[in-house]
Amino acid sequence: SFPEQMVYLEWELSDYAAGPDCLGCHMPAADGAVPVANSGSPAREPFRQHTFAGGNSYLIQLFQNFGPELGTTAGSQELAASRLQAEALLGTQTAALTIDDLQLAGDELTAVLSINSQAGHKFPTSYPSRRAWIHLTVQDAAGAVLFESGGVSADGSIAGNDNDADPFAYEPHYQTITEADQVQIYEAILVGADNHVTTTLLRAASYIKDNRILPAGFDKASAPADVAVNGLALDDDDFTAGGDTLSYRLNLAGSSGPYTVTAELLYQAIGYRWAMNLAHHDTAEVDTFLDLYEGVPNWPVPVSSAAAVTP
């Protein structure tokens, strides 16, 4: 009874229920008529491109790199094209990040960021291993990094993320970030009946955190339990239909500007904790997957970015 993937209901409760539908993004219309059989039947239109682009370019990368080992029948070029289509969808039709305000008052720098949804469902959606987060850096006049939140390593772990460091912890939702070990991560965190954080779907009983970015028109106050917002985002007035607004308030004493603030919205199909927790299961399939995971760096896909300089 656990609502693991509720993409359709997320879409149905958004403005996108009036259009466009799922096909509009994941199976865009083809130009012209297309033959649909080899029996001599006339070409038909309209016709949808069967690209099925989604949000799991990392898995496609694994198939591309280890095709023979996995018995993949698709060629490397076809898989590369499919991966690029997925990354293009993530980078152009998912969400947009902007720096709305940047102020320097004495030693305190304040930046206000907005995430604006472009998806017809929560982002990320589908399998709950997926996550998106904000990577923000502040550099001084010489280019030295004075502050960084949300940096990522090749193994896919996010610096400062409590869940990557401790399988029984998780990073809360933030309205204001003041320290480098605070990271705004848009994700679904599952807990079992014992209220312990888990990545095992059969143990999941509820969400202790679900601050995935909402689509336009989604009313978090009236949303049914299966797609509800959970955790601190529920009481965040800036986390609402169509996006989120987040502030950074940083003490830069002892440095000199002008300061450059760079922000990125990054995305992973397989979060570090989800991969690492598999190691508890002693099976050949798990061993194979973890070998592949170690062979391909789990770098995130850039979704959107913005930069600004203080006066």
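Buried means under 20% relative accessible area, exposed over 50%, and partly exposed in between, with a 1.4 Å probe and protein chains only as cover. This is a predicted model, in which local features need pLDDT of at least 70 and side-chain atom pairs count only at pLDDT 80 or more, while totals for chains, interfaces and linings use all residues. Residues are numbered from 1 along each chain as its sequence is written, and side-chain values use heavy atoms, with hydrogens and water left out.

**View 1. Phe-52 and Pro-46 in the loop between helix 2 and helix 3**. Helices are DSSP runs of H or I with at least four residues, strands are runs of E with at least two, and both are numbered from the N terminus. The loop that holds Pro-46 runs between helix 2 (22–26) and helix 3. Glu-45 and Pro-46 are joined by a cis peptide bond, with omega about 0°. Phe-52 has a phi near 50°, a positive value in a residue other than glycine. Phe-52 counts as exposed because its relative accessible area is 54%. Most residues other than glycine have a negative phi, and most peptide bonds are trans.

**View 2. The loop between strand 2 and strand 3 around His-121**. His-121 lies in this loop, between strand 2 (108–117) and strand 3 (131–139). Is His-121 buried or exposed? His-121 is buried, because its relative accessible area is 17%. Contact means heavy atoms within 4.5 Å. Leaving aside neighbours within four places in sequence, the contacts of His-121 are Val-7, Glu-10, Trp-11, His-26, Ile-213 and Pro-215. Pro-124 is in the loop between strand 2 and strand 3, and the peptide bond from Phe-123 to Pro-124 is cis, with omega near -5°. Ser-126 also has its place in the loop between strand 2 and strand 3. Ser-126 is not a glycine, although its phi is positive, at about 70°. With a relative accessible area of 18%, Ser-126 is buried.

View 3. Leu-59, Phe-63 and Leu-70 make a nonpolar surface patch of about 210 Å². Patches are made of residues with over 30% relative accessible area and no salt bridge, with nonpolar side chains (Val, Leu, Ile, Met, Phe, Trp, Tyr) joined within 5 Å and like charges within 9 Å. A salt bridge is a side-chain nitrogen of Lys or Arg within 4 Å of a carboxyl oxygen of Asp or Glu. Accessible areas come from the Shrake-Rupley method with a 1.4 Å probe, and for residues only the protein chains shown count as cover.

View 4. Not counting residues up to four places away in sequence, Val-286 touches Leu-278, Ala-279 and His-281.
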